[in-house]
Amino acid sequence: MSSPFADVTTGPAALGVSTLPATLRLGPVHLTVSDLDRSVAWYQAALGMQVHRQDVGVAALGAGDEDVLVLHEDAQAAQPGRRSSGLYHYALLYPTREELARAALRLAATRTPIQGASDHGTHEAIYLPDPDGNGIELAADRPSDVWPSPEEEFSRGGPMPLDFDALLETVAGEEPSPRAQTGLRMGHVHLHVGDLPAALAFYRDAIGFDVWAQMPTAAFVAAGGYHHHLGLNTWRGVGAAPQPASGVIGLRHWTIVLDTADEVAEVRARLDAAGIAARDADGGFEATDPFGMTVRVVAA
């Protein structure tokens, strides 16, 4: 069997248009869930998140400072099709390795099942689903000066297993904490798409991300030299159907936060030039990619 990492394109040959500012960060991910009370309780217990605001059918969560997740209830929502585009996972980025270790302690104390754990060189990660099956990555970055290049990571066949013993040693002797500490933020979003060139035409050429690494079935794009703000893959198959506009569990929209309204206007101008429709949204605009998923671009 050929390696999924064959023909990896990185470095100057993979670079996009380099137009998004290095100060870019991600704002909240909005998800559809089937039972808001169940989901809120799970996020509080398993991940130590706090409810910042809650109204009928909607709740905003985080760690006491900025919102990182907004949950919207649709009791009739169906699970996405196995051959449809949609959310693969979103990554909650902890401010320190110790905070990721505390998250691991919390998962153990609450007997929350995980799906896997990896060391990517750039960051350490734990993977798990929420009660509706929405994919979550819990992550902590390593210092950027020790990040491997994409070529180095892929040459070893991809990520290594996470060393839980070494991670937990950073908080040895601590009791599990019921709450995540401030500084938690959205690290990246990873999407199932139906066509990688079309995804890159939207997110690289129009939105303006650079390519960190690209392989035949996936691409990782970012701004400012980050390892990735966005992952794109065709692991549900090339030609996977677009995500339905409503009525399914999963992603409603994700958010790019720029410093100024002028920077937002520059991105919108690129979409206009490419013939991609954009709609006004609070603080900026939103646009839907070729696979039915919406990104919102706003000023801080």
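Predicted model: local features only at pLDDT ≥ 70, side-chain atom pairs only at ≥ 80, totals over all residues.
Trainee: Okay, and which ones are buried in H6?
Mentor: Glu263, Val264, Val267, Arg270 and Leu271 are buried there.

Trainee: How do those sit around the axis?
Mentor: They cover an arc of only 120 degrees, so they are on the same side of H6.

Trainee: What do the buried residues of H6 pack against?
Mentor: Their partners are helix H5 (196–207), S16, strand S18 (284–288) and strand S19 (294–299).

Trainee: How does the span of H6 compare with what it should be?
Mentor: It agrees: H6 runs over residues 261–273, and at 1.5 Å a residue its 13 residues should span 18 Å, while the end C-alpha atoms are 18 Å apart.

Trainee: What comes just after H6?
Mentor: Gly275 does, and it takes a positive phi of about 75 degrees.

Trainee: Changing topic, how much space is in the largest pocket?
Mentor: About 460 Å³. The lining is made of 24 residues, and His120, Glu153, Pro159, Phe220 and Trp235 lie nearest the centre.

Trainee: Which elements give two or more residues to that lining?
Mentor: Strand S7 (86–93), strand S9 (123–129), helix H3 (150–155), strand S12 (185–192) and strand S13 (210–215).

Trainee: And how do the lining residues divide?
Mentor: For the largest pocket, 12 are nonpolar, 10 polar and 2 charged.

Trainee: What about the second largest pocket, what's its volume?
Mentor: That one is about 390 Å³. Its lining has 24 residues, with Leu87, Tyr88, Gly133, Gly135 and Arg236 nearest the centre. They divide into 9 nonpolar, 12 polar and 3 charged.

Trainee: Which element gives the largest share of that lining?
Mentor: S7, with 4 residues. S7, S9, strand S10 (135–141) and strand S16 (250–258) each supply at least two.

Trainee: Last one: where is His30?
Mentor: His30 is in strand S3, which covers residues 29–33.

Trainee: Is His30 buried or exposed?
Mentor: Buried, because its relative accessible area is 14% and the cut-off for buried is under 20%.

Trainee: And what is it in contact with, leaving aside its neighbours in sequence?
Mentor: Leaving aside those within four places, His30 is in contact with Val70, His72, Gly250, Leu251, Arg252 and His253.

Conventions:
Residues numbered from 1 in each chain as written. Heavy atoms only, no water. Buried < 20%, exposed > 50% of the residue type's maximum accessible area, 1.4 Å probe, protein only. Contact = heavy atoms within 4.5 Å. 1 Å grid on protein atoms, 1.4 Å probe; cavity = no way out; pocket = protein on both sides within 12 Å on 5 of 7 lines; lining within 4 Å. Points joined across faces, edges and corners; volume = space filled by probe spheres on them. Nonpolar A, V, L, I, M, F, W, Y, C, P; charged D, E, K, R; others polar. Expected span 1.5 Å × (residues − 1). Arc of directions from axis to C-beta.
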